[in-house]
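User: I would like to learn how to read features off a model. Please take me through them one by one.

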Amino acid sequence: MKPRSFSFWLTAYLWLAGLVMAGVLGWGMWQSLRQLVEAAEADKMQALASQLAAVSVDAVLIRDYGAIERAVEDLVENRRLSYVQIRRQDGAVLGQAGAHQPDNPTFTATMLAAGEQLGEVAAQYDNAPLLATAWRQAAWSAAALLLFALGVFLLLRHFLSARLIAPVKSLIASIEPGK
């Protein structure tokens, strides 16, 4: 292996420290952003389940189960929901669409009319597109970080050689002309 100069090692250590620091900060930002997005999705899904429960009360009271079934199918097709189910209080399923996925959280809301519980709405969203987008963004960010770190390494090495190492070499050469 070729012996490396002091400038190289100093630059490499500084670059590595910067890369580790950026990695730790990036990981912290990733975790906080992921939690923020998951909380926003959970709030959105809970609100959607509550709205669906409120809207479904009229259809349940007049026994318009066709409207419930159409609404449930429309939600699964057009709203990125993976599963929606509306049940009466006795457990009879009034409308269901999609497939229940144990990996995704289920949000429930109770249907109430005049203080009486009529049934329950359960809904799940598909978080796979969200996770795919997040991982794609993380990969692009990591690639940009590596390119930036490489540029910093090269600039730091150049400036250390020109501003720190070159004056020390010229000083040594002026003191010991034979070397």
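Analyst: Start with alanine 114, which is exposed because its relative accessible area is 90%. The cut-offs are under 20% relative accessible area for buried, over 50% for exposed, and partly exposed in between, with a 1.4 Å probe and protein chains only. Alanine 114 sits in the loop between S3 and S4. Its phi is near 55 degrees, a positive value in a residue other than glycine. This is a predicted model: local features need pLDDT of at least 70, side-chain atom pairs count only at pLDDT 80 or more, and totals for chains, interfaces and linings use all residues. Residues are numbered from 1 along each chain as its sequence is written, and side-chain values use heavy atoms, with hydrogens and water left out.

User: How do I read a nonpolar core? Which residues have the most contacts inside the largest one?

Analyst: In soluble globular proteins, nonpolar side chains tend to be buried together. A nonpolar core is a set of buried Ala, Val, Leu, Ile, Met, Phe, Trp, Tyr and Cys residues joined through side-chain atoms within 4.5 Å. Here the largest has 24 residues, and Met45, Ile68, Leu81, Val84, Ile86 and Met111 have the most contacts inside it. Two or more residues come from each of helix H1 (6–61), helix H2 (65–78), and strands S1 (81–88), S2 (93–98), S3 (106–113) and S4 (116–125). H1 gives the largest share of this core, eight residues. Helices (H or I, at least four residues) and strands (E, at least two) are DSSP runs, numbered from the N terminus.

User: What does isoleucine 86 contact beyond four places in sequence?

Analyst: Contact means heavy atoms within 4.5 Å. With neighbours within four places left aside, isoleucine 86 is in contact with residues including Leu52, Ile68, Val72, Met111 and Val121. Val93 is also in contact with isoleucine 86.

User: Is valine 93 buried, exposed or partly exposed?

Analyst: Valine 93 counts as partly exposed because its relative accessibility is 42%. Valine 93 belongs to strand S2. Not counting residues up to four places away in sequence, valine 93 touches Gln85, Ile86 and Arg87.

User: Where is asparagine 104, and which side chain does it pair with?

Analyst: Asparagine 104 is in the loop between S2 and S3. It counts as buried because its relative accessibility is 5%. Its side chain makes a polar contact of 2.4 Å with that of glutamine 101. Not counting residues up to four places away in sequence, asparagine 104 touches Ser82, Gln124, Tyr125, Asp126 and Asn127.

Note on methods:
A polar contact is a pair of N or O atoms within 3.5 Å; within protein, one must be able to donate a hydrogen and the other to accept it, and residues adjacent in sequence count only if both atoms are side-chain atoms.
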